[in-house]
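I opened a new page for this entry.

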Amino acid sequence: TDAKDKDIIRLAPCGSSDNVKVNRVQMVVKQHPAEINRFKVVYHNGEMQVLEVKEQFKADSKSRWIDLKGQARCIKELIINKHRYIGVVQSP
């Protein structure tokens, strides 16, 4: 839909070819403009981190690389607040 308060993106199990340890992420917005205020990163080891973004994105655009602070870890899920549509790209 075009107006959600939050979305949860669950990633593949840690260590699989689709989920490796990372220390930064980049948001990729597809098809529709999006406004992202903050998102929560939940790691496979149980740790959590809330990151402020507060950006508006055009359709088919990317965010800056967002530092996850700390050692590289596998992400279990991302909880994104105040957006329309979003995808996620990871980089080791």
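I began with the term needed for the confidence check: pLDDT is the predictor's confidence in each residue, on a scale from 0 to 100. The model is predicted, and I looked up this score before anything else. The protein has an average pLDDT of 81, and 83% of the residues score at least 70. I then went through the elements. Strand β8 (residues 87-91) has the lowest mean pLDDT, 49, while strand β6 (residues 66-67) has the highest, 92. Where pLDDT is low, predicted coordinates should not be read in detail.

**Fold**

I counted 8 strands and 0 helices in the protein. Along the sequence the pattern reads β-β-β-β-β-β-β-β. I also looked up the contacts between residues at least 6 apart in sequence: 75% of them join residues at least 24 apart. Of the 92 residues, 37% are buried.

**Core**

Which residues have the most contacts inside the largest nonpolar core? I noted Phe39, Val41, Ile66, Leu68 and Ile75, in a core of 19 residues. The elements that give two or more residues to this core are β2 (24-29), β3 (34-43), β4 (48-57) and β7 (75-83). The largest share, 5 residues, comes from β3. For background I wrote down that nonpolar side chains tend to be buried together in soluble globular proteins.

**Rings**

I searched the whole structure for aromatic pairs and found 0. Charges over rings did turn up. Arg24 lies over the face of Trp65, 4.2 Å from the ring centre. Arg73 lies over the face of Tyr43, at 3.9 Å from the ring centre. I followed up Arg73.

**Arg73**

Arg73 is in the loop between β6 and β7. Is Arg73 buried or exposed? Its relative accessibility is 14%, so Arg73 counts as buried. I checked its side chain for polar partners. A polar atom there lies 3.2 Å from the backbone oxygen of Leu68, and the side chain also reaches the backbone oxygen of Gln71 at 3.0 Å. Leaving aside neighbours within four places in sequence, I listed contacts of Arg73 with Val20, Lys21, Val22, Tyr43, Asn45, Glu47, Gln49 and Leu68.

**Gln49**

Gln49 is in strand β4, and it counts as buried because its relative accessibility is 15%, under the 20% cut-off. Its side chain makes a polar contact with the side chain of Tyr43 at 2.7 Å. A polar atom of the Gln49 side chain also lies 2.8 Å from the backbone oxygen of Leu68. The contacts of Gln49, apart from neighbours within four places in sequence, are Phe39, Lys40, Val41, Tyr43, Leu68, Lys69 and Arg73. I noted that the backbone oxygen of Leu68 has a side-chain polar atom of Gln49 at 2.8 Å and one of Arg73 at 3.2 Å.

**Asp60**

I ended with Asp60, in the loop between β4 and β5 (61-62). With a relative accessible area of 64%, Asp60 is exposed. Which residues does Asp60 contact, leaving aside neighbours within four places in sequence? I found Val29, Lys30 and Gln31. The Asp60 side chain reaches the backbone nitrogen of Gln31 at 3.5 Å. I also looked up a C-alpha separation: Asp60 and Val28 are 32 residues apart along the chain, and their C-alpha atoms are separated by 7.1 Å.

Key: Residues numbered from 1 in each chain as written. Predicted model: local features only at pLDDT ≥ 70, side-chain atom pairs only at ≥ 80, totals over all residues. Heavy atoms only, no water. Phe/Tyr/Trp six-rings, centres within 6.5 Å; stacked < 30°, edge-to-face > 60°. Lys NZ or Arg CZ within 6 Å of the ring centre and 35° of its normal. Helix = DSSP H or I, 4+ residues; strand = E, 2+ residues; numbered from the N terminus. Core = buried A, V, L, I, M, F, W, Y, C linked by side-chain atoms within 4.5 Å. Buried < 20%, exposed > 50% of the residue type's maximum accessible area, 1.4 Å probe, protein only. Polar contact = N/O pair within 3.5 Å; in protein donor to acceptor, adjacent residues only side chain to side chain. Contact = heavy atoms within 4.5 Å.
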